[in-house]
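Here are my notes on the model you sent over. Have the structure open while you read.

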Amino acid sequence: MKKNRSRSESGVVLIAVLGGILLLTMIALALSSSVRVS
Amino acid sequence: MPAAKGQRGFTLLELLVSTALTAIVLTLLTSGLRLTEAAWLRGSERVRTMQQTLAEDEAIQAQVSSAIPRQLTTQFEQRQLQLTTFQGNAREARFFSNYSWQGGRNSGLWLVSYRVIHESDDKERLVVSEQGFSSEQQLAAFLLGSQPSTGSGFPYGELADHIELFYLRPSSPGSPAAWVQEWKCDDQKQKQLPRGVRVHWQSAKQERDLTLVIPVREVPQ
């Protein structure tokens, strides 16, 4: 029988996904601002 | 086994953390969008300025290369003078052309003046002014400087600390070609147009030279 995820496990997944999005956003912003137009 | 009632969902702490993360991501995205928009506007403005500079450079090149070489005999201060249709010094060039900034090519004959004027804050600017040709007396008076350049003219090029004009004297036996700062229309030894005009902008930040070529054409006697 498939075991349901516990509350804390779902919350950790949510925070991990949002943290990943935050990390990717920061990387994208850092890359875009490092491109210097003379 | 399904979770019991009241046991589903996230804890308050998880919700607070995820809301904070979402807010940070949204803030970053918004500021990123603002930066992108500013860069886009800056780029568009730069392209527009470059296109305008290019169009003006083409117009000034067309006008200078359409300078008409002519000889005219005129009476000035009780003297009989033979004039060539080009007069220039470091601050102003006056010549006769069949290209107009207003009317384009073949829009009649024009008396054209490029002169350096003082603007505010010790800056200088080159101004192009042109007037229609009506008579040889008007042309002679214009070349000899007794008739001031009319109108405010069109500003050309950027502001600079110092702007100078040079004229290319072609080589002749015994003297190589050289850029000079004086071209006299009543010089009896030099009955021709210069081979080119060079505009030199000098600023603390940068220097720029624009060389305009005048094709070789025989001066009708």
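The points below go from chain B as a whole to its aromatic rings.

1. Ground rules. This is a predicted model, in which local features need pLDDT of at least 70 and side-chain atom pairs count only at pLDDT 80 or more, while totals for chains, interfaces and linings use all residues. Residues are numbered from 1 along each chain as its sequence is written, chains are lettered from A and ligands numbered from 1 in the order in which they are written, and side-chain values use heavy atoms, with hydrogens and water left out.

2. Elements. Chain B has two helices and eleven strands (DSSP runs numbered from the N terminus: H or I of at least four residues for helices, E of at least two for strands). Read from the N terminus, the order is α-β-β-β-β-β-β-α-β-β-β-β-β.

3. Overall form. With a radius of gyration of 30 Å against the 17 Å that the globule rule gives for 221 residues, chain B is more spread out than a compact globule (the radius is taken over C-alpha atoms, and the rule is 2.2 Å times the number of residues to the power 0.38). Along the principal axes, the C-alpha atoms of chain B fill a box of roughly 115 × 40 × 35 Å.

4. Burial and contacts. Of the 221 residues in chain B, 38% are buried (under 20% relative accessible area; exposed is over 50%, partly exposed in between, with a 1.4 Å probe and protein chains only). Among contacts between residues at least 6 apart in sequence, 59% join residues at least 24 apart (contact means heavy atoms within 4.5 Å).

5. Aromatic pairs. How many aromatic pairs are there over all chains? The count comes to seven (Phe, Tyr and Trp rings, the six-membered one for Trp, with centres within 6.5 Å; planes under 30 degrees apart are stacked, over 60 edge-to-face, the rest tilted). One of them is F95(B) with Y114(B), edge-to-face at 5.4 Å centre to centre and 90 degrees between the planes. F95(B) sits in strand β4 (residues 92-100) and Y114(B) in strand β5 (residues 104-118), so the pair ties together parts 19 residues apart in sequence.

6. A tilted pair. The ring centres of F96(B) and F133(B) are 5.0 Å apart with planes at 55 degrees, so this pair is tilted. F96(B) belongs to strand β4 and F133(B) to the loop between β6 (124-132) and α2 (136-143), so parts 37 residues apart in sequence are tied together. F96(B) is buried at 0% relative accessibility, whereas F133(B) is partly exposed at 26%.
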